[in-house]
Amino acid sequence: MTETPLIVDIREGTAWLTLNRPQAGNAIDLPMARALVEASIRCQTDADIRCVVLTGAGKLFCAGGDVGLFAAAGDQVSSLLSELAGTLHMTLARLARMAKPMLVLVNGPAVGAGFSLAISGDVVLASRSAHFAAAYGTLGLTPDGGMSWSLPRLVGLRKAQEIILTNRRINAEEAEAMGLVTRLVGDGRLMEEGEATAAQLAASPVAALGAARVLLQDSFAASFETQLEREARAISDAGATAEAREGLAAYFAKRAPDFRGA
């Protein structure tokens with residue numbers, strides 16, 4: 001057994017969260033779900049964290065929920081699933097609403113709840129060895145991890161229906177083509193590309209990116225006029241920040257802005 005189900009490494013303004021049950025395909029059990037909640041609270045509340053990166057150890061990104069745990073629960077599997085999904089959902093809600101960007105590095109197959117985690121980032125880089133599958137139907141279960149909300153928004157309702165109801169495996173190239181991932185990276189270069197992208201995001205105007213995240217997430221439930229009003233309020237609020245002052249000063253001084261000090 002590994003020492004900890006989740007490795008949390010904070011460096012240079014970025015929180016690196018690594019699912020760390022490689023011998024179990026990084027399958028999610030209760031200790032991992034609880035560790036993710038603790039990490040998400042820290043990521044949401046620590047002002048020194050400017051970007052969050054999620055990835056997996058070993059050859060898989062995440063195999064989803066721990067099926068062995070389900071089997072061992074016997075007649076109590078319903079209660080177990082309620083606790084496991086509810087705990088995982090606390091993490092996803094916090095990561096979705098934190099005022100900073102999230103990068104996901106999909107280092108291998110992402111299945112079930114692992115699929116949900118894989119598509120939860122603002123930027124998703126995937127290795128060419130990655131593939132994706134809902135897989136819930138094979139166990140007689142329904143989606144969790146926000147899949148039924150996020151997947152239709154990424155690929156459309158018709159394609160989401162096919163992915164969830166038929167359990168079809170989606171390879172990396174198709175995932176990129178349909179918009180599940182931002183772009184593909186060669187297997188040996190995923191961490192290099194991830195570090196470069198994380199550094200770029202951490203150096204960005206994080207408060208403005210956080211406000212942009214909210215605008216994008218809420219846009220589907222808003223009318224066009226409502227969204228225009230929200231945009232007007234958001235850009236007005238942003239204009240009063242130190243980030244905006246630094247951005248404008250750097251523009252006129254013809255230098256790169258330093259948003260970390262803003």
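**View 1. Asp 66 is a buried residue of this predicted model.** The relative accessible area of Asp 66 is 15%; because this value falls under 20%, the residue is classed as buried. Asp 66 belongs to the loop that links strand E3 (51-56) with helix H2 (67-73). Apart from neighbours within four places in sequence, the residues in contact with Asp 66 are Arg 21, Ala 27, Ile 28 and Asp 29.

**View 2. Val 67 contributes to a nonpolar patch on the surface.** Val 67 is located in helix H2, the helix that spans residues 67-73. With a relative accessibility of 41%, Val 67 is partly exposed, because this value lies between the limits of 20% for buried and 50% for exposed residues.

**View 3. Three strands form an open sheet with mixed pairing.** The strand order in this sheet is E5-E7-E8. Strand E5 (110-111) and strand E8 (170-171) are the edge strands, each of which pairs on one side only. In general, the strands of a sheet pair through backbone hydrogen bonds, in either a parallel or an antiparallel manner.

**View 4. Strands E5 and E7 run parallel.** Strand E7 comprises residues 131-133, and two bridges connect this strand to E5. Ala 110 has Phe 132 of E7 as its bridge partner.

How values were computed:
Residues numbered from 1 in each chain as written. Predicted model: local features only at pLDDT ≥ 70, side-chain atom pairs only at ≥ 80, totals over all residues. Heavy atoms only, no water. Helix = DSSP H or I, 4+ residues; strand = E, 2+ residues; numbered from the N terminus. Buried < 20%, exposed > 50% of the residue type's maximum accessible area, 1.4 Å probe, protein only. Contact = heavy atoms within 4.5 Å. Patch = residues over 30% accessible without salt bridge, like charges linked within 9 Å, V, L, I, M, F, W, Y side chains within 5 Å. Areas by Shrake-Rupley, 256 points an atom, 1.4 Å probe, with all protein chains shown as cover. Salt bridge = Lys/Arg side-chain N within 4 Å of Asp/Glu carboxyl O. Pairing = 2+ DSSP bridges.
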